[in-house]
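The sequence and structure come first, and the notes follow.

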Amino acid sequence: MITAAQQLESYLGSFSRLEKQAAWSGLSWWRKLREDAFARFTEVGFPTPHDEDWRFTNVSAIAQTPFQLAGKESGRVSPEDLERWRVPGAACQLVFVNGRFSSELSRTGKLPAGVTASSLAEQFTKDPKVLELHLGRYLDIRRDAFSALNTAFTADGAYVHIPKGVVAGDPIYLLFVSTGNNEPLMTHPRNLIVAEEESQASVVEDYVSLNAGAAFCNTVTELVAGDSSVISHYMIEREDPQAFNVSTLRIQQGRSANVASHSVLLGGGLVRNNVHPVLAGEGAECLINGLFIGNGRQHLDNYMLVEHASPHCDSRQFYNGILDGRARGVFHGRIVVHKDAQKTDAKQTNRNLLLSDDAQIDTKPQLEIYADDVKCTHGATIGQIEENALFYLRSRGIDEVSARKLLLLAFANECLDRMKQDSVRTYLEALMNRHLFQVANSVPVARTDRGEDQGRNWEELG
Amino acid sequence: MSLLEIKNLHVKVESHEILKGINLTVNSGELHSIMGPNGSGKSTLAQVLARRENYLVTAGEILYDGKDLLSLKPEEAAAEGIFMAFQYPVEIPGITNVYFLRSALNAVRKHRALEEMDAMDFLPMFREKMKLLEMDEKLMNRSVNEGFSGGEKKRNEILQMAVLEPKLAILDETDSGLDIDALKIVAKGVNALRSVERSMIVVTHYQRLLNYIVPDFVHVLVNGRIVRSGGPELALELEEKGYVDAERQALAV
């Protein structure tokens, strides 16, 4: 554990060291932004539970761990280590080891002509002009300390560019490997995805750990969806249970842009998943779909901020949570409808299954509506596996663990079915199948002493 | 040897005694109907046979195929050939009918040391059985019972029975809520499945179903006890006189 003064000193040291070696060191516009960001961070520090947006998530464990900024050669990874995370059907796979791009481990395959998928650091050296147009333009470093921290410590990440009208059918896959280390490392990957008008693409971000150990990954992705583009973004979190992961997906949508954000959180000890789309162009559509499955002492916090800034935009939020053991989940769904965003249609649903008495979910809808002709609905449910359904399956010969798994899968499938990229969905279905078998297996066998049929146990909250 | 022997069965739900000493023997190939007014314990008996765990057996025993049925879990009973058609079939969103039934059949086959059936073998058989129940093929890939009409749900129960081929089928008020056309289809399905190797217990409140599924034996269950037993003619008598006489007799016992 370290004090606040030690913490600041350590961050300041890392901040100055990065200045000397980073790819962007000659670029004044970026230097200015990161200096502002660092100043902001030193001013506000890490959030506390007194902060309304962090009421249910205490990040003092991150603040008190003396994380070191991961250097260029911070971990050794062999191609064999990555075999289990290769996703079939991907157009390319960019690998980042402790936040740094590794060209040896990456596979650049069959990208359509004109599409770029490369390292942000490389792009800083090669052609920083295109970055200047977008990077840091959408993320508000004043929103929270993690956004400021990421901007201050950006070293590398992915840069994806889809030119106008190009359809990239196969997913662009970004793998972020944390090596795990005796010394706790922090990484601040920064991704920029720019999809020009009428383009189409899928991008997957996958966060994994090679070894156990405390690590702090604070990632930011800015996704710029041009007019009439169709973009799906997938985020998979399956790091070690000791890992801290804060991710922020900031989506900027143009006119009639159609964006889907899918999150699947399985791993990590303390996870904060921020999804923040701004529907800036008329007629934009956004789907925010997520599944979080927690066990042990995992803490999985989902913070959605959907901003309707133009008329005739639709947003749909669907988050399903399955919590077991002493796991705790959070769903915070905030919808802001700006003054001129008439004919907004915003919907939010959060459904949760609690598998143990000690699992906990905090779900909080928050609507701020400044327009007068809008449709906004929200709802949340908390329930258990239905005894009725379990008995029905068992009475047909399916054993209890399998029956439980089937019911959990059915619940998870509500989210998976919304994923339209076939190869990613198929991959996640298989992943879910294995993961939920473990969950179903760990749940204690139904008590036989219970004298009554509890029947449907859904509690309508909103 | 008899397939099912229920001896002096007493069952409690919470602190209420629902079944107060049931005795019933069912031989292979026989169809028994259990009739009775609401609250007499008919459904409790069906659920205990299917091994639902919310019931407390305070006395008596059930021998099924010579084994102690009360020691089996629901899935074990199913694998041993017991099937109950639910009075209120459960909706399971997110699991398709075809996936559910193939999983169930393979679980049962595994228990019986038979090879698992792949989709190639399963589908033609499944389609054949759907025809028997005059079910729309579209229901195959829909979630289990979700959005099904009452009649479709009941037909789906009999479809499951046709696929799982049990030795002892218990139909719990399968006729309730059905119009006459749906009732005839269900009865046709049930009759097609009658065989010398399959026994059935048909639990019903009304005699109407027994016009289409003719039982070998009829038992009248009142207030947790079987008060009368007889042949098919007993059902007709009950239809005429109602359960009042039977209830009076029960009180006299």
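In chain B, helix α5 (residues 150–164) and helix α6 (residues 180–192) pack with their axes 10 Å apart and at an angle of about 5°. That angle makes α5(B) roughly parallel to α6(B) (under 35 degrees counts as roughly parallel). This is a predicted model, in which local features need pLDDT of at least 70, side-chain atom pairs count only at pLDDT 80 or more, and totals for chains, interfaces and linings use all residues. Residues are numbered from 1 along each chain as its sequence is written, while chains are lettered from A and ligands numbered from 1 in the order in which they are written.

**Contact of α5(B) with α6(B)**

- From α5(B), B:G151, B:K154, B:R155, B:I158 and B:A162 meet B:A182, B:I185, B:V186, B:G189 and B:V190 of α6(B) (contact means C-beta atoms, placed from the backbone, within 7 Å).
- Sorted by class, this contact has 6 nonpolar, 2 polar and 2 charged residues (Ala, Val, Leu, Ile, Met, Phe, Trp, Tyr, Cys and Pro are nonpolar, Asp, Glu, Lys and Arg charged, and the others, Gly among them, polar).

**Helix α4(B)**

- B:F126, B:K129 and B:M130 are the buried residues of α4(B) (20 or more other C-beta atoms within 10 Å of their own; exposed means 12 or fewer).

Methods
Axes fitted to C-alpha atoms, helices over the stretch in contact; angles between N-to-C directions. Helix = DSSP H or I, 4+ residues; strand = E, 2+ residues; numbered from the N terminus. Parallel < 35°, antiparallel > 145°, perpendicular 65-115°, else oblique. Contact = placed C-beta atoms within 7 Å.
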